[in-house]
Structure formats: structure tokens, C-alpha cells
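Here are my notes for your first read of this model. Keep the structure open and follow the points in order.

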Amino acid sequence: GIGLCRTEHMFLADDRLPLVRRFILTDDPAEERAALAALEAAQQADFEGILAAMDALPVTVRLLDPPLHEFLPDLERLVVADALGTLDAEGRVELAAVRRLHEVNPMIGTRGVRLGVIKPGVYQMQMRALFRAVLAARRDGRHPDVEVMIPLVVDPSEMHMARRWVAEAIADTGMSGSLKIGAMLETPRAALVAGELAEVSDFFSFGTNDLTQLVFAFSRDDVGSRLIPEYLRTELLEKDPFESLDQVGVGRIIQYACSNARDASAAIKIGVCGEQAGDPESAKFLVACGVDYVSCSPYRVPIARLAVAQA
């Protein structure tokens, strides 16, 4: 199955990115609605293709989770153009909007469920597109098996809000049948309140890449070229924690979260998404934690299956 369907990748295509930018940058409600409608149609077509290919196999759809800067025009390019006097009126409006939305630390900024808070309607749009694709698949005699995952959750209140969004999309589309709604645990706080989150979630998935980044205070995009190799060379670290799960630090947080989640909801399904899931030692550790499934890049799947089977 698909353990992590990254819906933001669909929006980064050349024909979709202008629509997303239009939605993010505008303050005009009518313009927002028009952009959302265009995105919804494109997203539904994507989901229909996925569900046709994955008939009767599980698909976990993670709602939009990019750092906001991935969707925005390059600030430096706009500033340079403005300084050179080559920016037209539309470009100046775009520059003002990009400056307003610019973040110093976008990886811990407006991403995940937070985007749904500051830009109401975007998650409802995605779920309407998904539910209409499910209904279309059923009409064609297929058996879609989907669940929805809410990214970057840090508090049960966000899951309550997300469930309201799901209810709105169900009402809009006439979707029927049970639907599992889960939380992605990517922050230390989410792991520490896993017991409370388990009371409002049907499943969990640990995002170990982000969790490792935040526990170590390592910028995943920066430390790989210089800092990690030096730490490995001087034996300050035994292994790259982005390749093999740090069982002493990150692992303890995962153990704690699993234990508290099971105490609150014995039947909750717990998964792990991240490259560490394809590392044999990490997979064995996760089995010992009581994790139900792992998700990793396709090329790592055979290794993960073997490691889990051996564990």
C-alpha cells in the first residue's frame, strides 16, 4: 500500500503551482474561491488515478504539508527585480505578499495543519476531492481503501478541528462509510501528549525525519554535508540519526508515545514514516515498540520487510 501519499507533491507541478500561489497570495475571497475550485478539480483527477492503480490496497493520504516557502516566488529574485526597476505592478503586489508571508524558519513555520488554520478551506478542498474520487471509484466497481492523516499536529484541539473539516467535506460530497482520521507525530510535543491525541485519533504515524530534526536541533537540509560527517569521524555519533533511528533519544520518545497511546486506546494503529523505517536495526527497534506498520521509500521496502520479518 501507500503509507504516505504526499499531496503537496501534486501541487508543485508546473500546471498546479500558479494555482496554489494564486490561492496563498490573494486576499480577495472571490479569488481564493476560484483558485480553490481549480485546485479541487485537479486534485480529484490525481486521486482518481491513484485509487485506480491502488484498487483494494490501503492508501494513507496525508493532507498538505509543505513549508510555505516551497509554493512562493523567490523573494530574492523579486527584490532584485524591484531594485532594477523591472518589476511591473503585478510583480510589486506579489513582492508585498511574499514579504508578508516570508518566514525565517519555514520548516517550523506555517506548514501542516497550521496552513489549514490560516488559510481556511484548503483542507476541506482536499478532502472533497478525495471523497469524490472515492465515490467515483466505487461507481466503477472498485474498492478504494483510504484514510486521512493530519500533518504536524501538536495538540488534540487541532484534531478536533480537523474532524470538523472532515465532517464538512462528508456533508458536501455525500461520502458514506467509515473513515479513519489519524495524526502525524512529528514534534516532541505531539509525542509527549500522545495519550491525549489517541483519544481523538484513529491512528498515528511518527514522522521520524522531522522528529529527529527537532529532537537533535539539527537542520536536516544543512547538517548532512559537513556536521554529521565530522560527528561520525570523531565518534561523537555512532550513526547518522537520519539514516538509522537514534534509539537512545528519539527512540525513547517513540517508546513513551506508544505506551501512552496504547494506555489511552488499546486498539489504535501506530505507524512510522521516514527513511529510518528502511534501516534493519531501526525496524527491529520499532517492532519492539509495538509499531504496527512502517512506511519508507520504495527502494527500501524489501529491506524493511525482511528486517520486520526477522524481528
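1. Start with Thr173. Thr173 is buried because its relative accessible area is 14%; buried means under 20%, exposed over 50%, and partly exposed in between, with a 1.4 Å probe and protein chains only. Thr173 is found in helix 8, residues 156-173. Helices (H or I, at least four residues) and strands (E, at least two) are DSSP runs, numbered from the N terminus. The side chain of Thr173 reaches the backbone oxygen of Ala169 at 2.8 Å. That is a polar contact: a pair of N or O atoms within 3.5 Å, where within protein one must be able to donate a hydrogen and the other to accept it, and residues adjacent in sequence count only if both atoms are side-chain atoms. Leaving aside neighbours within four places in sequence, Thr173 is in contact with Arg128, Phe131, Arg132 and Leu135. Contact means heavy atoms within 4.5 Å.

2. A word on the source. This is a predicted model, where local features need pLDDT of at least 70, side-chain atom pairs count only at pLDDT 80 or more, and totals for chains, interfaces and linings use all residues. Residues are numbered from 1 along each chain as its sequence is written, and side-chain values use heavy atoms, with hydrogens and water left out.

3. Stay in helix 8 for Trp165. Trp165 counts as buried because its relative accessibility is 7%. Which residues does Trp165 touch, not counting those up to four places away in sequence? They are Val113, Gly116, Val117, Tyr123, Gln124 and Met127. Look at Tyr123 again. Trp165 and Tyr123 are 42 residues apart in sequence, yet 7.2 Å apart in space, C-alpha to C-alpha.

4. Now Glu186. This residue lies in the loop between strand 4 and helix 9 (188-192). Is Glu186 buried or exposed? Glu186 counts as buried, because its relative accessibility is 1%. A polar atom of its side chain lies 2.6 Å from the backbone nitrogen of Leu152. Beyond its neighbours within four places in sequence, Glu186 is in contact with several residues, including Asp65, Arg111, Pro151 and Gly207.

5. Check Leu152 itself. Leu152 sits in the loop between strand 3 (145-150) and helix 8. Its phi is near 55°, a positive value in a residue other than glycine. Leu152 is buried, at a relative accessible area of 4%. Ala56 also has a positive phi, near 70°. Ala56 lies in the loop between helix 3 (29-53) and strand 2 (58-62). Ala56 is partly exposed, because its relative accessible area is 47%.

6. Turn to strand 5 (residues 203-207). Here 5 of its 5 residues are buried. Phe203, Ser205 and Gly207 point one way, and Phe204 and Phe206 the other way. Strand 5 pairs with strand 4 (residues 180-185) in the parallel sense over 4 bridges. Two strands pair if DSSP finds at least two bridges between them. Met184 stands opposite Ser205. Strand 5 also runs parallel to strand 6 (residues 269-273), joined by 5 bridges. In strand 6, Ile270 is the bridge partner of Phe204.

7. Finish with Tyr231. Tyr231 is in helix 13 (residues 227-233). Tyr231 counts as partly exposed because its relative accessibility is 30%.
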